[in-house]
Amino acid sequence: MDNRTMSRLLAETADLIEIDGGDSFRIRSYRRAAEAVEQTTVDLMTVVGDTSRLLEIDGIGKGMAAKLQTMAATGTLPQRDELLARYGAGVLELLKLPGMGPKTVALLWDAARVASVDQLAAAIEAGRLTGLPRMGAKQIEKLRKGIEDYQRSAGRFRIDVAEEAARQVSAYLLKFPGIQKVTPAGSLRRGRETVGDLDLLATGPGCAPDRAAAAAEYVASCPGIHDIIAKGENKVSFHTADGLQVDVRLLPAESYGAALQYFTGSKAHNVSLRQRALKIGYTLSEWALARLDDGAIVAAATEEEIYAALGMDWMPPELRENLGEIEAAARHELPRLIERGDIRGDLHMHTTASDGRNSIREMAEAAAACGYKYIAITDHSKNMAMVHGLDEKRALEEIQRIRELDKQMEGRVRVFAGVELDILPDGRLDLDDEVLAQMDMVIASVHSRFDQSREEMTVRVLKALENPYVRVLGHPTGRLLLRREPFALDMGAVLRRAAELGVAVEHNAAPERLDLCDRDLRLAKELGCPIIIGSDSHDSGNLGKMDYGVRQLRRAWLAPEDVLNTRSAKAFLAALRKRP
Ligand code: DGT
Ligand code: CA
Ligand code: CA
Ligand code: ZN
């Protein structure tokens, strides 16, 4: 353990004691020791056995000397561990937010049981900080901004944000005469719901290894660059103003396929693929698939050639996670994955009746323009008071309006009447059965009390499924990517019961949700639970975001027949849970 780490552990312990309302003398002695350890030029690990040497350091007394010895011997501090067990490691993350000290963390913990950045974001979102001492609107806004900045720099970016950045950088790159083609690789090409950094591959006559200098110069002048991380002949890395890292690689056309394969990954897929290549006497690199013995190139220009030379079918990037796709491609048994064009209806959208921005008609027209045959209008129910959710009376009126509009659409797009119905904290539902009985599409969703225990939440959701009018479980984990963790839930139990009852689970395609995730979608299929996809659009311009969801379905190996809304309107309705 180096001095820096020891100093950090001591400082964190001081903060934790302060959060815990501990003795100020103790807090000060930890802080002084942290400073002393930080400042000293002595490498403490080399002298830690000699107490007298430790005591020579200004700021270290007998008690602290013993603590340094404990840290050196065990790599940790019992006082710190104890407090972390009480509050969770998330409080240390909270302390990294701008303007956040132990006193504020203590206040947030006492008043709102907030103990992590995600919980703070959720508490702000839910308005739970309003009215707390020292938490005026200005202060809350500052916290919100701080969280945004923190999360931006702490790491990953949503797929829609990354895709927009890829689009902008690509458009710029393609204006350079020597660049003819730009392809996103990495996690974005594999359709992951978040990306760590953006990998862009560019090729064309100006990208050859020995004459890419001008192209690299051009890349480095891309508008919107915050700082250049690295600049070589064939690779330029930079941050955008939002903090997203972009790696641009310039490649000759003859090895483009090998590079695309390599930089698409995933790493686990590549490792497995390389082993397969070695077994048949080939070596696979970012430049080519070549023979081991004489280095002769076997394939390099396209991915298809490379996979074919390895005895495999080409496979969609969404499958490349080393989850059996290599074996399936070698057996020529890859599934025909679902595509956006297979989706015939969008089953989750809001209108001005609750928190949407468009009318029923506008949503229907937008759906027609997308080529859909049917939609369901699913506004919120009354428990969502802040968005003016529908009570029984308004829900009945909305059903009327939907039926009328459905007639007026004359079959161009069928418009189903539905609701996104709150599952109340005790598992009861938010509208009377008599009203639900008149709807085609009842999506039941959890929108409150995300903090319930796994048992409570599981009982709550299972109870909701038992209502015979519930046909779909909406966004089943409630996650908001990079903002709110999925709530605790026994997913296996819920999906099994849904399968028995014929309740479908939703994949919510809104890019901030993408819920269920790919792994749980695979589980749903395994358990025989019907699956639907909906865009959860709150704006007629958002229907196209369905694409992000389709990519998650593909990552879950789903074929068109695995998803109910690839069927005709009639077949779709027939496949839903039967009403009593
Ligand atoms: P990310 O950026 O964290 O969302 O995930 P990726 O998959 O985009 O990872 P990244 O950007 O580090 O690398 C892009 C691809 O390059 C990765 O999917 C596979 C390939 N790659 C990177 N490093 C290695 C490596 O050490 N070994 C192998 N086999 N492939 C690698
Ligand atoms: Ca990446
Ligand atoms: Ca990268
Ligand atoms: Zn919802």
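Is glutamate 420 buried or exposed? With a relative accessibility of 1%, glutamate 420 counts as buried, where buried means under 20% relative accessible area and exposed over 50% (1.4 Å probe, protein chains only).

This is a predicted model, in which local features need pLDDT of at least 70 and side-chain atom pairs count only at pLDDT 80 or more, while totals for chains, interfaces and linings use all residues. Residues are numbered from 1 along each chain as its sequence is written, chains are lettered from A and ligands numbered from 1 in the order in which they are written, and side-chain values use heavy atoms, with hydrogens and water left out.

**The zinc site**

Select the zinc ion (ligand 4). Glu420 (OE), His447 (NE2) and His475 (NE2) coordinate the ion at 2.0 to 2.2 Å; donors are N, O and S atoms within 2.8 Å of the metal (3.2 Å for Na, K and Ca), and sites may look incomplete, as water is not among the atoms. The spacing of these donor residues in sequence is E-x26-H-x27-H. Glutamate 420 lies in strand E13 (residues 414-422) and histidine 475 in the loop between strand E15 (472-473) and H22, so that the pair, 55 residues apart, links distant parts of the chain. Histidine 475 is also buried, at a relative accessible area of 1%.

**Helices H22 and H23**

Continue to helix H22 (residues 491-501), which packs against helix H23 (residues 518-526) at an angle of about 40°, the axes being 9 Å apart. H22 is therefore oblique to H23, since angles under 35 degrees count as roughly parallel, over 145 as roughly antiparallel, 65 to 115 as roughly perpendicular and the rest as oblique. To display the contact (heavy atoms within 4.5 Å), select Met491, Gly492 and Leu495 of H22 with Asp520, Leu523 and Ala524 of H23.

**Helix H24**

Next, select helix H24 (residues 546-555). Among the buried residues are Tyr548, Arg551, Arg554 and Arg555. The elements against which the buried residues of H24 pack include helix H11 (159-173), strand E16 (504-508) and H23. Just after H24, tryptophan 557 adopts a positive phi of about 65°.

**Helices H1 and H8**

Finally, select helix H1 (residues 3-19) and helix H8 (residues 102-112), whose axes come within 8 Å and cross at roughly 45°. Asp15, Glu18 and Ile19 of H1 make the contact with Pro102, Lys103, Val105 and Ala106 of H8.

Notes: Axes are lines fitted to C-alpha atoms, for helices over the stretch in contact, and angles run from 0 to 180 degrees between N-to-C directions. Helices (H or I, at least four residues) and strands (E, at least two) are DSSP runs, numbered from the N terminus.
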